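Hello,

Here is the structure you asked about. My notes on it follow below.

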Amino acid sequence: MRSRRGALHTLVGAYVMDAVTGRDRADFERHLPSCEQCQDDVRGLREATAHLAAAAAVPPRPELREQTIRAAERTRQLPPLVPGQPARHGGGVRVHSWLPRLVAGAALALAATAIVLGVHLSTMQARLGALEQRDSAITAILGSHDATTLTAQVRTGGTATVVMSHRARALVFTAHGLTSLPTSKVYELWLMGPAGATPAGMLPSGHHGMSGPVVVNRLAPGDRLGLTVEPSAGTGRPTSAPVVMVALSP
Amino acid sequence: MLGGEPDGGRGIGRPTSADGAHGGGAPDRGQSVPAGRSLELVLADVAKGDHAAFGAVYDQTAPAVLGTIRRVLRDPAQSEEVMQEVLLEVWRTAARFDPSVGSASAWIMTLAHRRAVDRVRSEQRAAARELRAATATIDYDEVSDAALTTLEQERVRRCLGGLTDLQRESVTLAYYGGHSYREVAQLLGVAVGTVKTRMRDGLIRLRDCLGVEW
């Protein structure tokens, strides 16, 4: 046991350089919270790697500055973590709290509707169960180590946000400020791969201008995610040009 | 809370003579990322949605972020894209930055390096193997080949020069090459256990040489 811990501790250098993968990394990260010395070393050695980064500095093309700041202006910021919810170091596990909250909000809204409309209880339970399942899928994607966030402008107005895990081959799609549609139309997501388009879900309209979230699984290399406006009766394939298209491959 | 001194002092081999690392950017440090408090404070403004503060964070960190990513990824266009993703992530998660676990620049550079390495690894799985061949020959002399040579680069170069060959190669192949320690062991033809300790000892020596305070 002692030697196993010692062996894990030796990994600290490789770990701060992101040179530890797979099971080794999981083992080390499990060990880390209980090892003050390791945390201390991680902290100190990360400062050293920051100097390695600074020594590699190259000036970005000037136009990138404006682009990046403009993209930030269109991107909603995460609220701070409230006390009692431990922050993780170095942007490791990214805990995004707003999406699960959105899901919880949707579940509540659904429950409220059920009471008002007197929808049959078992139907409601099935729907809430599905929501819960989706909630845990969302949490898994957002919490994954390789979670990547992409944002894109929607041609007809609004911003699309995709949080994707390549490892899980899954993503969470949300949009903000989409142009509202007549009841005969819906926003629909498609995975557009080399083999054609497969439906990836209708976009539920949320609250405060938020739409989604929609979980899309089984991503394949080369897939792109497209959002189109479709008749609400449904369609087997996209009938209009995408209002936003997100390339998923790195 | 922000700007509080890191709660350190437990680490073995912690340099006691180091000063100024969090002293608001002493001029002789010559870092392209100003040390300590100032970036942390600017980041606190970013967390409140301050666009101008975000511009300042960009100015202070984008060159190092881009440079690091480019070392790992090599492809200039892809590197710019990842740099923008990283800066956007900083904007998005600024309120989650915890100064008690390290400096703001360490936080941002960790994000950048990890993002670049993740990108390489997912590409490797997609069989882009030529990247590895290209990065396998990285030399620490490249530390000085960037367009701007700053005091910081000089200092890091000097400190890297103070490592043993195996320590230096292990560190540069992992950090600038984006290789896992197992790959580094393979590339250098040494045992995995040896590479692990060389990486750790090399970084400790580097940290002490740089007089990093943490």
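In what order do the 4 strands of the open sheet in chain A lie? This is a predicted model, and in it the order is S1-S2-S3-S6, with antiparallel pairing. Strand S1 (148-153) and strand S6 (210-216) of chain A each have a single partner strand, so they stand at the edges and one side of each is left without a neighbour in the sheet. On average, neighbouring strands of this sheet are turned by 15 degrees against each other, direction ignored. Strand S3 of chain A, residues 170-176, runs antiparallel to S6(A) and is joined to it by 5 bridges. In this region A:Val172 stands opposite A:Val215 of S6(A).

In chain B, please look at helix H2 (residues 51-73). The helix has 23 residues, but its end C-alpha atoms are only 29 Å apart, whereas a straight helix would reach 33 Å at 1.5 Å a residue. H2(B) bends by about 50 degrees at B:Thr61, and a proline, B:Pro63, follows within four residues. Because 17 of its 23 residues are buried, H2(B) is largely enclosed by the rest of the structure. After the helix comes B:Arg74, with a positive phi near 75 degrees.

On confidence, the model scores ipTM 0.77 and pTM 0.56. The average pLDDT of chain B is 78, and 70% of the residues score at least 70. Residues 1-37 of chain B have a pLDDT below 50, and this stretch has 74 contacts in the model beyond near neighbours in sequence. Over residues 127-148 of chain B the pLDDT also stays under 50, with 37 contacts beyond four places in sequence. Where pLDDT is low, the predicted coordinates should not be read in detail.

Regards

Key. Residues are numbered from 1 along each chain as its sequence is written. Chains are lettered from A and ligands numbered from 1 in the order in which they are written. This is a predicted model: local features need pLDDT of at least 70, side-chain atom pairs count only at pLDDT 80 or more; totals for chains, interfaces and linings use all residues. Two strands pair if DSSP finds at least two bridges between them. Helices (H or I, at least four residues) and strands (E, at least two) are DSSP runs, numbered from the N terminus. Axes are lines fitted to C-alpha atoms, for helices over the stretch in contact, and angles run from 0 to 180 degrees between N-to-C directions. The expected span of a helix is 1.5 Å times one less than its number of residues. The bend at a residue is the angle between axes fitted to the seven residues ending there and the seven starting there. A residue is buried if 20 or more other C-beta atoms lie within 10 Å of its own, exposed if 12 or fewer, and partly exposed in between; C-beta atoms are placed from the backbone. pLDDT is the predictor's confidence in each residue, from 0 to 100. Two residues are in contact if their C-beta atoms, placed from the backbone, lie within 7 Å.
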